[in-house]
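Good morning, and thank you for joining this group meeting. I would like to take you through one structure, which is shown here.

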Amino acid sequence: MNIHEYQGKELFKKYGVTVPRGKVADTADEAEEIAKEMGGAVVVKAQIHAGGRGKGGGVKLAKDPAEARKAASEILGMTLVTHQTGPGGRVVKKVLIEEASDIANELYLSIVLDRSSGRPTIMASTEGGMDIEEVAAKTPEKLIKIQIDPALGIWPSTARRVVYGLGLEGEQAAEGAKFVSNLYKFYDEMDCSLVEINPLVQTADGRMFALDAKVNFDDNALYRHKDVAEMRDIGEEDPLEVEASKYNLNYIKLDGEVACMVNGAGLAMATMDIIMLAGSSPANFLDVGGGANKDMVENAFRILMDDDDVKAVFINIFGGILRCDVLAEGVVEAVKTVNVNVPIVIRMEGTNVEKGRDILENSGLDFTVGNGMADSAEKVVAALKR
Ligand code: ADP
Ligand code: MG
């Protein structure tokens, strides 16, 4: 799960990860009030679940409350397009009003779960404010990477290695090491999968602040963090993904044209690959799961068909715990309630496959039955071309 910058910063404070003073606003009036309270120059920042807001015009400096009001009225309601939002952009509903920092130095600091080593990895760089993927690609020597053994946690010597790598010395190094340790404690105790601060700044008077905050949580641990679960902003998520999550379906919207209904994540990945191989592309990833019942199949099918990009459906099921007849019943029920005007190709194998095929054949509905994965994928693509 993702949260907004202002929510991340609220949580940071509890762990001693220092952030600039700030408050969130829904209206230009509120923004002006907050700027008055803050005194001095402020920065007005669009709150969306995507980075690159600065370049996209979603971060504006305001010298006084009147300017803050103007900036907020420009940003609130705008459709902000950044390299992370996709071409459709996101409508801004909240802005963070924050005291403007007197930036002397911009750094980069993040902690991410490295899946190949299975360990949290601290990444730091002197190239703060830049796209870190670009730094890693062009100047990898400027990226410090240190893995942490989660059983041992972060040692003071490890935190010092990070800050010395950033060129900090004396008091600054001591403060920086405390910052890194506090951030690790946050990452660990809050069950994050990513914490990224870009930029982490040093001010002219020698203080350190997280100027940005990107925080992702491990969904499987959310039950331990009710306060975090409440921060979920459904408006920032794909509506079909939200709908699918209500039925415990693993559904991810993609940008292709063939809707896939599959049981098992491995089979779903293979199905997407074979669609690509046959010359088309998947409109979604959908794993209905091993234990799906008729209702789940019905809901899954309805969600697939709610996507306007879908031009054909490929149902690829290996009947195990989910029996083929249960799947067939679910699909037939769903087709009766949903207006289906695209071709459907089904490949089924496994438990009760004959019974499943009978149900489909006797339903009076129009399906193509494929013979194996490759043949089915080719039939989907052929149907698309017609
Ligand atoms: P994004 O990464 O989405 O573009 P950031 O929060 O990193 O958003 O803000 C973009 C840039 O705006 C920062 O790199 C920094 O230069 C400037 N900025 C953001 N917040 C402040 C602040 N409180 N004071 C001064 N400058 C800021
Ligand atoms: Mg940033």
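Let me begin with a term: helices, of type H or I with at least four residues, and strands, of type E with at least two, are DSSP runs that are numbered from the N terminus. Gly 8, for instance, is found in helix 1, residues 5-14. Please keep in mind that this is a predicted model.

The C-alpha trace spans about 80 × 50 × 40 Å along its principal axes. Of the 386 residues in the protein chain, 48% are buried, where buried means a relative accessible area under 20%.

To give a sense of distances, let us return to Gly 8. Its relative accessibility is 0%, so Gly 8 counts as buried. Between Gly 8 and Pro 65 there are 25 Å in space, C-alpha to C-alpha, and the two are 57 residues apart in sequence. Another example is Ala 159, placed in helix 5, residues 156-165. Ala 159 also counts as buried, because its relative accessibility is 0%. From Ala 159 to Leu 240 the C-alpha atoms are 42 Å apart, with 81 residues of separation in sequence.

The next topic is ligand 1. In total, 17 residues surround ligand 1, and the closest are Lys 45, Arg 53, Gly 54, Glu 98 and Ser 101. By class, the shell has 6 nonpolar, 5 polar and 6 charged residues. Four strands each supply at least two residues of this shell: strand 2 (42-46), strand 6 (95-99), strand 7 (103-114) and strand 10 (192-203).

Several polar contacts to ligand 1 involve the protein backbone. A polar backbone atom of Glu 99 is 3.1 Å from a nitrogen atom of ligand 1. For Ser 101, a backbone N or O atom lies 2.9 Å from a nitrogen atom of ligand 1. An oxygen atom of ligand 1 has a backbone N or O atom of Asn 198 at 3.1 Å. Ligand 1 exposes 540 Å² when taken alone, and the protein buries 80% of that.

Asn 198 leads us to the backbone geometry. Most residues other than glycine have a negative phi, and most peptide bonds are trans. Which form does the peptide bond from Asn 198 to Pro 199 take? That peptide bond is cis, with omega near 10°. Pro 199 itself is found in strand 10.

Two residues have a positive phi without being glycine. Asp 191 has a phi of about 55°. This residue sits in the loop between helix 6 (170-189) and strand 10. Is Asp 191 buried or exposed? With a relative accessible area of 15%, Asp 191 is buried. Asn 352 has its place in the loop between strand 17 (344-350) and helix 12 (353-362), and is partly exposed, with a relative accessible area of 30%. Thr 351 is in the loop between strand 17 and helix 12 as well. Thr 351 counts as partly exposed, because its relative accessibility is 34%. Between Thr 351 and Ile 3 there are 348 residues in sequence and 42 Å in space, C-alpha to C-alpha.

Let us now consider Thr 82, which is found in the loop between strand 4 (79-80) and strand 5 (90-91). Its relative accessible area is 8%, so Thr 82 is buried. A polar atom of the Thr 82 side chain lies 2.7 Å from the backbone oxygen of Gly 51.

I close with helix 10. This helix covers residues 294-305, 12 residues in all, and reaches 17 Å from its first C-alpha to its last, close to the 16 Å expected at 1.5 Å a residue. Asn 293 caps its N-terminal end, with a side-chain oxygen 3.2 Å from the backbone nitrogen of Asp 295. Which residues of helix 10 are buried? They are Met 296, Val 297, Asn 299, Ala 300, Phe 301, Ile 303, Leu 304 and Met 305. An α-helix has 3.6 residues a turn, so residues three or four places apart point the same way.

Definitions and conventions:
Residues numbered from 1 in each chain as written. Chains lettered and ligands numbered in written order. Predicted model: local features only at pLDDT ≥ 70, side-chain atom pairs only at ≥ 80, totals over all residues. Heavy atoms only, no water. Expected span 1.5 Å × (residues − 1). Buried < 20%, exposed > 50% of the residue type's maximum accessible area, 1.4 Å probe, protein only. Polar contact = N/O pair within 3.5 Å; in protein donor to acceptor, adjacent residues only side chain to side chain. Near = heavy atom within 4 Å. Areas by Shrake-Rupley, 256 points an atom, 1.4 Å probe, with all protein chains shown as cover. Nonpolar A, V, L, I, M, F, W, Y, C, P; charged D, E, K, R; others polar.
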